[in-house]
Amino acid sequence: MPGKLKAKIVAGRHLPVMDRASDLTDAFVEVKFGNTTFKTDVYPKSLNPQWNSEWFKFEVDDEDLQDEPLQITVLDHDTYSANDAIGKVYIDIDPLLCSEAATVISGWLPIYDTIHGIRGEINVLVKVDLFNDLNRFRQSSCGLLLFFLPSDVLFPPLSALLCSPYSTSIPRCYRAIMVHGFVEELVVNEDPEYQWIDRIRTPRASNEARQRLLFLMSGELQRKIGLKVLEMGGNAVVGYLQCFDLEGESGLVVRAIGTACTLEKISTFPATATYPSNSSPSKDMKDSPQAAPSTLGCRSTHSSPVHSASSRLSQGFSVSVPTLLFAGMGSGGSAGKEAGPLKALLRQQTQSALEQREYPFFTLTAFPPGFLLHVGGVVSARSVKLLDRIHNPDEPETRDAWWEEIRQEIKSHAKALGCHAVVGYSESTSICEEVCILSASGTAAILGSRFMQDGPLDAEHRFEEVVSPGCGFCHIPYDELNIPFPAQLTYCYCCRHYKVPDVLFTTIDLPTEANVTGKGCLIQARLCRTKKKAQGEGNATAISNLLPFLEYELHTQLMNKLKLRGMNALFGLRIQISVGETMLLGLASATGVYLTQLKLKAHTIRRGSVKTTSSMEKASPLPEGRSRSLRSNRSYSGSSVAVVKMTPLSFIPGAKIIKYLGIINMFFIRETTSLREEGGVSGFLHTFIAEVFAMVRAHVAALGGNAVVSYSMKECVFMENPNKNQAQCLINVSGDAVIFVRESELELTSVQPQSATTQTSNGGEGT
């Protein structure tokens, strides 16, 4: 689908001094997209130039719009020598390709240099006009929605699906019509740091080449993931996880996994609500939600799978949906005791659906009530590979085969637990020289058929399914007589009918139907094991022999710490394995709680349980409204980006999200040759991370947003050479740019129209 990209350079401010004679700068700007470059006029002798350039227009295909970032370079003009680089700005165009996101990128963006950091700001305007295209063989996934949040924000409870959306307490802008399943993709390229030309390039040129390649590979990966989702009939990816593998001379690998869904926009706020002003003219919010079209995707009128799927949804909620999720009962145990023709039919449907799906994995960690029927426990798989054994490093076939082995092992572990799906699924790697450790983990589970039934999704069909009790997710899904591991089973404390384990480990969030006694707290286990310094296959063998014992000791530590605190369940379990030349490190983190369903008899409770409860009270998180991650930082150089909130949560306490503007996925490289002068490693990293925060806030504000949710720093690679006073760091940050409104502001806007209506009616009666 062809389109036109337009960019305008307005002004700059707080530029550095580049001409020592006059203490000023002769700045001009290069705007590049693909192979086309435009230049502004030189604004002489000023640190705050006013270019007010014309609109630079690029006629490109939407495939390039998804792959390429808009590159803005600010330079200092020199008459008798080469122009000096001040810094660059990379702008991701993908948020402008979706009708539900922003329409304009406008605002002050920090000018970043990989050697000196932030060096002033530049005011830009960016627009995209897409044309009609009826090509059914196009290679773009324009209009697909990506969400980093692995949460139930997109899954309203049953009451919200059938009743008014105002009954929901958690901000939800969409609802899930279908959950299609697992999608994955990886892209391989040669690392510029290990190319022959890097020996003669300057450090700045080398860093910029690597940074630009990361942007290009990330855009290509998102486009390919989107194409797979469109082929499945979906229009969104939820729980999108993207990782980078720096394999040295073997190449640079970018991987991504997610859960394909079909989403529908829901109206969650009255049309009379007013919204806070933003720093850019984003999409106009004055249209009433009732009049807004429910079609998701790009703004053009071409025929695509996104439009065809959305048009079916807009005709009514009773749309025929095939069976695409995985649910069913185990062959024995507590779940297998439930009888009836309906359960037998659901088991048959689940088995047929399971045979059609290669990987029944879901990257989501939170689900609506009744969606998660039974939890079997944590399943994980690890493998040690040698990078120098890759036959063709430039092709992804070898890496695909590696991950296929890991996923098949995860699938077999879940099947051994009597489960048909894996939720809270994630993948990670740890690389040291030529050794790479592949890790995958998740929670084996049995899912309900609420989002998978054939036929219309209306109220009558919703209540036909036999819903498990609130304690059902704790009931064992495997056969009690054929337990694949030693476990102590007792009857559920709530229903007294089905068996539950004495301890439960999961990688998902705490289900809404769980009954918790007391408060939760952070539980961590740390372990370090030494190994002999070796090379090649000997090193890989030593690591392979240590890994099982390392993971076993981590689980033992978690179990002991859990019992010391008087708790019996872990949620959100994450295990990180790092390998070095002579050491192997393991870190396990989770949230410990005391589940009432797993409660033991009174005489088995230790005497110190009361003291344990008091320690749990002390370990409780900060009260609502006092979260450190939601506090506004100081503004940078007088800019207005301090209003942008940043939180790792998928929601903002005390507020409602009214619009998702797209994902933020940015890459930064910083290098220094004066490490000691900048305060050592600590000062260098603190300064770099503060600059990253400022740039993320600026880009969100330019999209018209005022918050970033599901914020995470996925990659932070640090390299140091203290003998040469040098250091280099690579950081990848991601999140969802949103617009939120405080609930107190919504209450005021809803009260004002009512009072105005009352005054008008009283005035009418008086006349």
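Trainee: Is Cys528 buried, partly exposed or exposed?
Mentor: This is a predicted model, and Cys528 has a relative accessible area of 35% in it. Buried means under 20% and exposed means over 50%. The value for Cys528 lies in between, so this residue counts as partly exposed.

Trainee: Is Cys419 buried or exposed?
Mentor: Cys419 has a relative accessibility of 4%. The limit for a buried residue is under 20%. Cys419 therefore counts as buried.

Trainee: How many disulfides does the structure hold?
Mentor: A disulfide is a covalent bond between the sulfur atoms of two cysteines. To be counted here, the two sulfur atoms must lie within 2.5 Å. The number of disulfides in the structure is 0.

Trainee: How are the rings of Phe38 and Phe56 arranged?
Mentor: A search of the whole structure finds 15 aromatic pairs. One of them is Phe38 with Phe56, at 5.3 Å centre to centre and with 10° between the planes. Planes under 30 degrees apart meet the cut-off, so the pair is stacked.

Trainee: How many residues apart are Phe38 and Phe56?
Mentor: Phe38 is in strand β3 (residues 36-39), and Phe56 is in strand β4 (residues 56-61). The pair thus links distant parts of the chain. The separation of Phe38 and Phe56 is 18 residues.

Trainee: In which helix do Phe684 and Phe688 lie?
Mentor: Phe684 and Phe688 form a stacked aromatic pair, 6.5 Å centre to centre with 25° between the planes. Phe684 is buried at 0% relative accessible area, and Phe688 is buried at 0% as well. They are 4 residues apart, about one turn of the helix, and both lie in α11.

Trainee: Which residue lies over the face of Tyr491?
Mentor: A charge has to be within 6 Å of the ring centre to be counted. For Tyr491, the distance from the ring centre is 4.8 Å. The residue over its face is Lys499.

Trainee: Which element gives the largest share of the largest nonpolar core?
Mentor: This core has 61 residues, of which Leu70, Ile91, Ile122 and Val696 touch the most other members. The largest share is 10 residues, and these come from α11.

Trainee: Between which domains does this core lie?
Mentor: One group of its residues comes from domain 1 (1-133). Domain 3 (642-748) gives residues too. The core therefore lies between domain 1 and domain 3.

Conventions:
Residues are numbered from 1 along each chain as its sequence is written. This is a predicted model: local features need pLDDT of at least 70, side-chain atom pairs count only at pLDDT 80 or more; totals for chains, interfaces and linings use all residues. Side-chain values use heavy atoms; hydrogens and water are left out. Rings of Phe, Tyr and Trp (its six-membered ring) pair if their centres lie within 6.5 Å; planes under 30 degrees apart count as stacked, over 60 as edge-to-face and the rest as tilted. Helices (H or I, at least four residues) and strands (E, at least two) are DSSP runs, numbered from the N terminus. Buried means under 20% relative accessible area, exposed over 50%, partly exposed in between (1.4 Å probe, protein chains only). A charge sits over a ring if NZ of Lys or CZ of Arg is within 6 Å of the ring centre and within 35 degrees of the ring normal. A nonpolar core is a set of buried Ala, Val, Leu, Ile, Met, Phe, Trp, Tyr and Cys residues joined through side-chain atoms within 4.5 Å. Domain bounds come from an automatic or database domain assignment.
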